[in-house]
Amino acid sequence: MEGRADMGNMNDIFDTGRQALQEVEQRLEMPRREFLQFCATLAVTMGLPSGAEAAVAKAIESAKRPSVIWLHFQECTGCSESLLRAEHPTLEKLILDVISLDYHETLMAAAGHQAEAARKAAMKANKGKYVLVVEGAIPTKQNGIYCKIGGQTAIDMVKECAADAAAVIAIGSCASWGGMPSTIPSISGADSSPTGSAGVAEILGKPVMTIPGCPPNPYNFLAAVVHFLTFGKLPELDKLGRPKFAYSRLIHENCERRAHFDAGRFAMEFGDTGHRQGYCLYKLGCKGPETYANCSTLGFGDAGENNWPVGCGHPCIGCTEKGVGFTKPIHQVAKMLNVTPPLQYPRIVEEQGKAASFASAAAVAAVAGAAAGAAIMITRNLGLSHAAEEAERAKDAGKSGADKAGA
Ligand code: FSX
Ligand code: SF4
Ligand code: F3S
């Protein structure tokens, strides 16, 4: 993450806020340069203009820690786990310094009645000011009896906690729209998940901020919270409640394998030559072309570049996208939402498939108009390369059949 931070006016901050920085350095037990890089990274993640890192640093320095109540319902705790893997700073430091985590079932020491008392006390003391974070889906069938905490259903608890919250954040796909627990089983007559799992907005009957992903990228959550700290309000959201800074571009638009897609070079099977060479995973069912998220640019877990599903060689399953993740079969090819191929396919060695010539692309574009021509070309290229690959496979199958016959 550090390498991506815009270090723009870091020296100015060093000069003007030395005292405050010394304090924050002690509090966070983090070198000031690392702290400022962290602020710059968050500002870049939020898409703020150069220089905004100073405002972010100031908001964190002032240590106005909002009380956070974090509820857990139907989920795997992967959202919290992924946050625990954020290194700059660690969640532990965030808990102590950026937010005041007053209730979090998996992390708090208190248990039973003590835990419930801590939640009620935090809600009372911070009425109208606390941030409610919900992780996990909420079961609705049979009045919500499938998830109860302290004898209270998830439905009642989320309503009670949301009533006096300054902001509600649904973290993860489960809380955003139902996610994995809302998957309808493929058995005849099934029209909902066994427990009728729903997202927070559906239960509250009003929009909330959502950070979908299974798990979501922790930096998107941190950036949204820090936006709240810095500007006193949540960032701009799309119609699904997602922060636009993270979910306004298709994964396919910024994918490192995009050049292979445009050139018609596809992995056809896990472990085949194309897969080993990092070819596009579209034909293995990659949902990047219909999934909005910043996974391809942000990466996960501070483990360096390429640390995201496609970077690791697995097709994106569309985990951030309602109607795609946990709904479409993993190997079903994606719907192309935004076809933006180049005018001419890159002239590099095509080991699989045949690219159409620039002349034929120009001819189609001239007849059908640029946009329609582009769509036709991409379809044509997919078809051509697919046909070539099928022929190649048939040849291989014939060869191995002949080998076996000869053996
Ligand atoms: Fe798990 Fe969170 Fe997935 Fe859900 O993440 S990583 S099942 S989105 O609620 O814990
Ligand atoms: Fe990347 Fe998937 Fe798009 Fe291929 S289909 S370029 S792997 S996002
Ligand atoms: Fe999920 Fe796809 Fe990103 S599977 S983590 S949206 S690459």
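Me: Why are strand 7 (residues 167-171) and strand 9 said to pair?

Reply: Strands are DSSP runs of E of at least two residues, numbered from the N terminus, while helices are runs of H or I of at least four. Two strands pair if DSSP finds at least two bridges between them. Strand 7 and strand 9 share three bridges in the parallel sense, so they pair. One bridge joins A170 to T210 in strand 9.

This is a predicted model, in which local features need pLDDT of at least 70, side-chain atom pairs count only at pLDDT 80 or more, and totals for chains, interfaces and linings use all residues. Residues are numbered from 1 along each chain as its sequence is written, chains are lettered from A and ligands numbered from 1 in the order in which they are written, and side-chain values use heavy atoms, without hydrogens and water.

Me: What makes strand 2 (100-104) and strand 9 (209-211) edge strands?

Reply: The open sheet has five strands in parallel pairing, in the order 2-1-3-7-9. Strands 2 and 9 each have a single partner strand, so one side of each lacks a neighbour in the sheet.

Me: How many residues of each class make up the shell around ligand 2?

Reply: A residue is near a molecule if one of its heavy atoms lies within 4 Å of it. Among those surrounding ligand 2 are F261, Y282, R257 and R258. Ala, Val, Leu, Ile, Met, Phe, Trp, Tyr, Cys and Pro count as nonpolar, Asp, Glu, Lys and Arg as charged, and the others, Gly among them, as polar. The shell around ligand 2 has eight nonpolar, two polar and two charged residues.

Me: Which classes occur around ligand 3?

Reply: Its shell has eight nonpolar, three polar and no charged residues. The surrounding residues include W308, C316 and T320.
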